[in-house]
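Subject: Structure handover

Hi,

Here is the structure for you to look over. My notes follow below it.

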Amino acid sequence: MTETAKPIIQIQNVSKRFGKVTAVDNVSLDINAGEFFVLLGPSGCGKTTLLRMIAGFELPTEGRILIDGQDMAGIPPNKRPVNMVFQSYAVFPHMSVADNVAYGLKIAGVKGGEIRDRVAEALDLVKLGGFGERMPDQMSGGQRQRVALARSLVMRPKVLLLDEPLSALDAKLRAQMQFELSELQEKVGITFVTVTHDQDEALSMACRIGVINKGEVAQLATPSDLYEYPANRFVADFVGSVNIFEGKLTLDDPDKAAVDCPGLGKVYLNHGVTGPHGADVWIALRPEKIYLHVPGEGKAVKAAAQDAPDGYNFARGKIKGMSYLGDITLFEIELESGTRIRVSRPNLSRHDQEDFTWDDKVSMHWRADSPVVLLG
Amino acid sequence: MALFARTPVAPLEYSRKLWMRLWVGAVMVFLYAPLIVLMIFSFNDSKRNVVWRGFTTKYYEKALGNDQLVEALVNSLTIAALATLASLVLGTLAAVMLWRFRFPWKGAIDGTISLPIIVPEICLGVAFLMFFAAVGWPTDLVWPFNLGAITIAHITFCFPFVTMVVRSRLATFNREQEEAAKDLGASEGQVFRDVLIPHIKPALVAGALLSFTLSLDDFVITYFTSGPDTITFPVKVYSMVRFSVTPEVNAASTLLIILTVVLTFIALKAQGVKAIAETH
């Protein structure tokens, strides 16, 4: 880690209870200065409560939150060095765009000339230069969100908090804004903390992701680590699509391991697992990491791609469902054990989707570094 | 054939259906015919208001020259203005309190705040009569303090209306706007001034209009609370009618109608009709 990796926000043993409901349960995590941090979780997991506690709209029942080393206990939202972009954007409808952006500066007592310069600069930053005189009801949802962004950024906060910033936008615009937000964050160098339930959004924008489940941190990792090395079944299942099979650890050496899954077959891994021998574990296997082929033709493919002993990392089944999605085709395959597995296959050429059809018998195999062993 | 060549009446084109037109016409006649008759007969050159005997404007001169009538009108307008102002402040504060805070007895207060609207006016009038007598409210004050009792009574039945319209407007308020303002550094007072008041402005205009017109034309409660020397416009008109319905009364009433219509028009213009419509 570089020297910029000092925590700007420290969340220490924070819990929040609403009556009998525990929304946030003993969470501790540090958010580094200058990073794009994403809190990811299903709705009702407590991620928004956590964000609102950073902003000061909710007070922790236990624990403390430090921003830039300063304890935020007793400091109201209007005195905190953070600004927030709300889910509804909360643009003031009776003020022009420029007045919206200038509002915080006026409250802070900044002089008129400086306000004008900073407002113009902020509007340029979010590509709304020249829109200052417009009223919010003359703008689209995406533009209103830019107004909300400019209104917060103009305050030059230490941290910018974003509550589900892209949830109200349509799919195309959302994809575009994901890139723009990342770009903006790099340009201004302010720490961004975003809350989302959308894993694509989290994976594409974040430097680091904190996955929250039932008020607790399920995993804290970079996007690729989160996807390739999920720490538990919840993360594996929530981030991306996955097949999970229960099994028993039968071999656990430093350089190899094997798991016997009644539902799938024998699984071989080319690395060790630090789990007790004979323990109940789960195997997570991503649909895109499974190779699909016609039985009998498998030998050649197998020789090229497989690195496990015979009888391992191999399964047979029958296609029960197919959905053609353009770039890939998704297959639902019933294994010989009766359980179903999801396999995705890239359509590398125009006629690839014609290779298989319903009720075809197929073989599958996967590389020894593909399965993930989960202990919890 | 040209008659039948028109485009046929579509299912939802109610404005082109004969029965609907007749119905709307009948409603209009019953609503407005009395008012129009009143206005027309204010120009009637006759002492008795029954038969048309030619055009004149002399009853307008007579009405405006009637010192007692003018005094009553000035009193009514003063009371209406004061009651409107006080009702706006009280009503808005009550609405915000009930919307924003939790406190003991909230349910009871919420339930009783609109009581002055529900209680029959005559009961309220008697209640005020007894109340002001019991507290020994002075009746010999100079203008405008002699209007105090009436103004207080009017505020009592006007402010619940303000509370009602402001509350319905507050229900549409996005609390994130309040949080956004605070997030940008605003204090509670600044949030109120910069975010909440602009949001409820249409309701304030509607509430003010309601209060003003309710106060201006109130008869029953005013009748019971007016002292021997204070008289308001409706009370004065009533006493004039007791002797005979002269065109002078018509003229005065016409002036009042025009005044309220103009005021309403100005308020609507100032606010934008759309904003008023939003509150309903």
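How many residues lie between β1(A) and β2(A) in their hairpin? Two, and G19(A) in that turn has a positive phi of about 60°. Strands here are DSSP runs of E with at least two residues, helices are runs of H or I with at least four, and both are numbered from the N terminus.

First, the ground rules. This is a predicted model: local features need pLDDT of at least 70, side-chain atom pairs count only at pLDDT 80 or more, and totals for chains, interfaces and linings use all residues. Residues are numbered from 1 along each chain as its sequence is written, with chains lettered from A and ligands numbered from 1 in the order in which they are written.

β1 (7-18) and β2 (21-32) of chain A run antiparallel, joined by eight bridges. V14(A) faces V27(A) across that pair.

Next, the open sheet. It has five strands, ordered β13-β12-β11-β14-β20 in chain A, with antiparallel pairing. Strands count as paired if DSSP finds at least two bridges between them. β13 (265-269) and β20 (372-374) of chain A are the edge strands. Within the sheet, six bridges link β11 (243-252) to β14 (280-285) of chain A. There, G247(A) stands opposite V281(A).

Finally, the whole chain. Chain A has nine helices and 20 strands. Its C-alpha atoms fill a box of roughly 80 × 50 × 40 Å along the principal axes. Of its 376 residues, 39% are buried (20 or more other C-beta atoms within 10 Å of the residue's own, with C-beta atoms placed from the backbone).

Best wishes

Note on methods: Buried ≥ 20, exposed ≤ 12 C-beta atoms within 10 Å, placed from the backbone.
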